[in-house]
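Take a look at the sequence and the model below. The report then goes through a few places, one by one.

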Amino acid sequence: MSVPISMEAVRRLVGASHHARPEDLPAMARELATLLGADNLIIYLVDYEQTTLMPHLGPGVPHRDPLLIDTTLAGRVFVTGQELQVPGSPTHRLWLPLIDGTERLGVLELIAASDPDDERRRDYQTVASLLAEVLVARRPYGDAFERTRRRLPMQVAAEIIWNHLPPLTFATAEVAVSAILEPCYDVGGDAFDYAANGDILHLALFDAVGHGIAASALTSLAINVYRNGRRCGLDLSDTYRSIDKWVHALHPDSFVTAVLAELDTATGEYRKISAGHPGELLLRGGQLVKQFAAPTAMPLGLGHLGEPIPTIEVEVLQPGDRLLIYTDGIVEARAITGDFFGVDRLIDFITRALADRLPAPETMRRLVRAILAHQHEQLQDDATAALVEWRPQFTYGALPV
């Protein structure tokens, strides 16, 4: 009995991936194209600034030009997460989103001699999903993935921070998280972290005083102590005290502002400590309903100057509620005229994005572009934000991630 072409492609990809270097994946994609009855399959990875799709070229793979996200068909596929066909003669193109779980990696360009039927397109979608997983799995074993994504040299301080971060986007059936971090090549003191354990989504944003290596070292310490506390089963108060103790002991002249939060995805109970941090925004039905009080505790490293037990604010969310958590670099981005981006402009932007039903990752990508445009592409401070959506009634495929 003959093996269907699509299954043979999957077997070849899985078998070859076990010993593949990241730089081998472009050539593997070309071999997959042949097995799928196509002429070529080209991988494009999104750059760190999320403005450009960069061709992931390996040995024996022909040159391709980068593609701008905001002005190309490939960029439209990246933005929407929906495939796009471009009929033509003698070649037919199919652009496919390259997504691992909910993390947008880039797009695939598939070139064929004819318009594929529905069954063959489903084969292409399956292989695209599998190829995305292989890309993520092989990424740590070489630098080809990173070199492709970088359009500028990354500063050491930023290298340290990015190596600590989880993926920008994550989703389960009950909750979705999407984050941004700028300036991506020169960030120093800002960072975010999250983890889903049972019904609890743990989430934190950090903003260390200063910039450069000193700030990134301080943030690195805060993230790792935060993770240690979380993994040891500490509650928010004890986690705060643990980070505060270590920051004060090792960096007595510095501090870190932070939000340490937990969302119970079964009940919607949101609990947080604002350690010298701006208050997050609660949006319901596309409108702002609350700006949380802030701060509720001293910055990390300065806890000895305040109350011994930090105040925990509690809010019970409603299904569909969204939380926007951000560092001060978002609202304090200043134009040449001296005009701050400000909370009002931030609220206006996020409500318009929700009205347009943009996926959360695209909302955050455009927020970065809006802040950079306001500050003429030159941020004076790190800018980090995370958008959290609680959706206990969510059905896969019903809502954009």
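## Confidence

This is a predicted model. Over residues 395-400, pLDDT stays under 50. For this stretch the model has eight contacts beyond four places in sequence. Where pLDDT is low, the predicted coordinates should not be read in detail.

Now turn to helix α7 and helix α8. Helix α7 covers residues 212-231, and helix α8 covers residues 236-250. The two pack at an angle of about 145 degrees. Their axes lie 9 Å apart. The crossing of α7 and α8 is right-handed.

Which residues of α7 and α8 meet? From α7 come Leu218, Leu221, Ala222, Val225, Tyr226 and Gly229. From α8 come Thr239, Ser242, Ile243, Trp246, Val247 and Leu250. Sorted by class, the contact of α7 with α8 has nine nonpolar residues, three polar ones and no charged ones.

## Ala214, on helix α7

Ala214 also belongs to helix α7. Is Ala214 buried or exposed? Its relative accessible area is 58%, so Ala214 is exposed, the cut-off being over 50%.

Compare its place in sequence with its place in space. Ala214 and Ala157 are 57 residues apart in sequence. From C-alpha to C-alpha, Ala214 and Ala157 are 8.1 Å apart.

## Val77, in helix α3

Helix α3 spans residues 73-80, and Val77 is part of it. Val77 counts as buried because its relative accessibility is 1%, and buried means under 20%.

What does Val77 contact, leaving aside its neighbours within four places in sequence? Its partners are Gln82, Glu83, Leu84, Trp95, Leu96, Pro97 and Val107. Pro55 gives another distance to check: Val77 and Pro55 are 22 residues apart in sequence and 15 Å apart in space, C-alpha to C-alpha.

## Thr169, in strand β7

Thr169 sits in a strand. The strand is β7, made of residues 169-171. Why does Thr169 count as buried? Its relative accessibility is 8%, and the limit for buried is under 20%.

The side chain of Thr169 has a partner. A polar contact joins it to the side chain of Ser178, at 3.1 Å.

Terms used:
Residues numbered from 1 in each chain as written. Predicted model: local features only at pLDDT ≥ 70, side-chain atom pairs only at ≥ 80, totals over all residues. Heavy atoms only, no water. Helix = DSSP H or I, 4+ residues; strand = E, 2+ residues; numbered from the N terminus. Buried < 20%, exposed > 50% of the residue type's maximum accessible area, 1.4 Å probe, protein only. Polar contact = N/O pair within 3.5 Å; in protein donor to acceptor, adjacent residues only side chain to side chain. pLDDT = per-residue confidence, 0-100. Contact = heavy atoms within 4.5 Å. Axes fitted to C-alpha atoms, helices over the stretch in contact; angles between N-to-C directions. Left-handed = near helix turned anticlockwise from the far one by under 90°. Nonpolar A, V, L, I, M, F, W, Y, C, P; charged D, E, K, R; others polar.
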